[in-house]
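Here is a walk through one protein model, from a sheet to a single residue and then to the space inside.

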Amino acid sequence: SFIHSVALGQLQYLHNTAICVNSSGKIVAVKQDCDRDTAEQTLLPQLGWALDSVTITTAQDGQFFFPGFIDTHVHAPQYPNVGIFGKSTLLDWLNTYTFPMESSMACLSKARRVYSQCIRKSLSHGTTTASYFATIHVPATNLLADLCLSMGQRAFVGRVCMDQLAPDHYLDESPEQSVSRTREVINHIQSVDPEYALITPIITPRFAPSCSGQTMTALGELQKETALPVQTHISENNNEINLVKQQFPGIETYTDVYDQHGLLTDKTILAHAIHLSESEADLISQRQSKVAHCPCSNSSITSGEARVRWLLEKGISVGLGTDMSGGYSPSILEAARLASLVSNHLAMPGVKWPENATDEERNKVKLSVEEVLHLATRGGAEVVGLQDRIGGFDVGKEWDAQLIKLNAVPEAEDGVGSEYGGNVDVFGWETWEERIAKWLYNGDDRNTSRVWVKGRLVHEKK
Ligand code: GUN
Ligand code: FE
């Protein structure tokens with residue numbers, strides 16, 4: 001069984017199906033109505049593949065393959081802080097927890113330990129692609145790229161650029177330095193992965209409040225020159241928005257600030273996008289910039305509730321981000337579940353709705369199981385610009401996938417014969433749609449049995 005999202009809200013269930021992946025990790029055939037014998041006797045000969053030259057992996061009864069998750073926004077150096085945020089909100093959270101931890105990645109042996117563990121954890125939760133913010137440090141950022149490459153996680157790796165708002169020792173000294181150090185990382189990634197087959201550099205101005213106008217302009221020019229993607233944060237928190245207003249009194253909105261510095265491109269990933277005005281969302285849509293929705297972070301540090309339906313209806317691509325450690329969880333399954341709950345909160349009657357709002361109007365903003373799983377996979381692929389390569393099981397795409405096991409409850413009362421000890425109990429009467437719903441709301445890394453990126457096995461649950 002292969003299950004994937006083919007469009008927003010639409011999962012396709014491919015049972016009794018064989019998918020063939022070549023030695024470059026590309027899907028070359030998706031054959032329905034194909035049992036193992038047919039695969040071996042008909043399909044393999046058609047491809048000219050000898051049986052003894054292939055590896056066959058079978059999803060047993062009740063197990064299924066699902067596309068790897070895409071974490072469109074995550075901070076690797078913040079991984080040691082997951083769960084530690086108290087009652088802080090964005091600006092005091094940055095000063096209290098985040099800048100001290102990030103600046104400590106100047107120590108390469110610490111960075112190695114933290115980044116290895118972060119990647120291992122992320123892979124074990126089925127995340128096959130991650131868009132990482134690193135720190136201002138070139139050696140540690142290069143190391144993050146090297147570790148993603150060696151551990152096999154597809155990644156965008158960004159050296160964080162910032163020249164104000166943090167302690168002096170954790171700042172770039174000039175716009176030129178932001179650019180030259182970013183170039184050093186680009187050159188390094190080019191030297192280890194020349195075609196960006198797995199790792200892509202990403203231009204990373206932290207967010208407007210921590211970047212001077214000159215730095216943003218310089219990074220905008222670098223984007224034009226290199227055509228590389230960009231990632232940053234936008235409109236996460238009211239105090240942050242006020243800072244941007246003070247910093248750029250002549251510019252109307254936060255979104256205009258990025259636009260006027262050349263950073264609002266069709267390769268820009270904007271994290272959060274919570275408190276946008278109508279005209280800001282329209283501009284983002286016009287520029288074809290993308291949004292990383294981070295419901296775990298937005299709930300943890302009390303930022304707000306992004307209006308995902310509203311963004312989608314404006315034609316903006318939306319994916320999910322863990323935003324560790326603004327978010328406490330490394331899991332995109334958790335992000336998907338929280339995206340569902342946050343959308344339900346937005347639908348609840350309350351101050352944000354006019355008194356005469358109808359149930360229909362309110363319920364429309366709720367995101368379904370199928371919709372949040374779309375954001376977690378195919379939607380995320382659009383956000384990171386890899387929609388032609390990942391996000392689903394289509395011929396021509398690369399095999400970034402996870403094998404999911406649910407717990408089959410045995411018929412015998414003594415529990416003997418239970419197949420698996422995960423948290424999702426399947427009694428046998430559930431439809432596949434119901435099994436997927438159970439997985440979304442109760443699943444975790446215990447269900448993620450194996451994970452592949454570009455055809456390579458990168459995680460196996462022992
Ligand atoms: N805004 C600027 N930096 C950060 C960060 O590290 N995390 C989050 N969530 N928002 C930010
Ligand atoms: Fe973030």
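Two strands count as paired when DSSP finds at least two bridges between them. The model is predicted, and in it strands β13 (residues 268-272) and β14 (residues 290-293) run parallel and are joined by three bridges. Within this pairing, Leu-270 stands opposite Val-291 in β14. Strands of a sheet pair through backbone hydrogen bonds, in either a parallel or an antiparallel manner.

The pair belongs to an open sheet of four strands, ordered β12-β13-β14-β15, with parallel pairing. At the edges are β12 (230-234) and β15 (318-320); each has a single partner strand, so one side of each lacks a neighbour in the sheet. From one strand to the next, the twist averages 30°.

Turn now to a loop. Ser-212 lies between β11 (204-205) and α6 (213-226). Is Ser-212 buried or exposed? Its relative accessible area is 11%, and because buried means under 20%, Ser-212 is buried. Its side chain makes a polar contact with the side chain of Asp-163, at 2.7 Å. Apart from neighbours within four places in sequence, Ser-212 is in contact with Asp-163, Gln-164, Pro-175 and Gln-247.

Rolling a probe the size of a water molecule over the atoms shows where empty space remains. Here the count is six cavities of 30 Å³ or more, and the largest cavity holds about 80 Å³ of space. Among the residues that line the largest cavity are His-75, Trp-93, Arg-206, His-233, His-272 and Asp-323. Helix α2 (residues 90-103) supplies the largest share of that lining, with three residues.

Key. Residues numbered from 1 in each chain as written. Chains lettered and ligands numbered in written order. Predicted model: local features only at pLDDT ≥ 70, side-chain atom pairs only at ≥ 80, totals over all residues. Heavy atoms only, no water. Helix = DSSP H or I, 4+ residues; strand = E, 2+ residues; numbered from the N terminus. Axes fitted to C-alpha atoms, helices over the stretch in contact; angles between N-to-C directions. Buried < 20%, exposed > 50% of the residue type's maximum accessible area, 1.4 Å probe, protein only. Polar contact = N/O pair within 3.5 Å; in protein donor to acceptor, adjacent residues only side chain to side chain. Contact = heavy atoms within 4.5 Å. 1 Å grid on protein atoms, 1.4 Å probe; cavity = no way out; pocket = protein on both sides within 12 Å on 5 of 7 lines; lining within 4 Å. Points joined across faces, edges and corners; volume = space filled by probe spheres on them.
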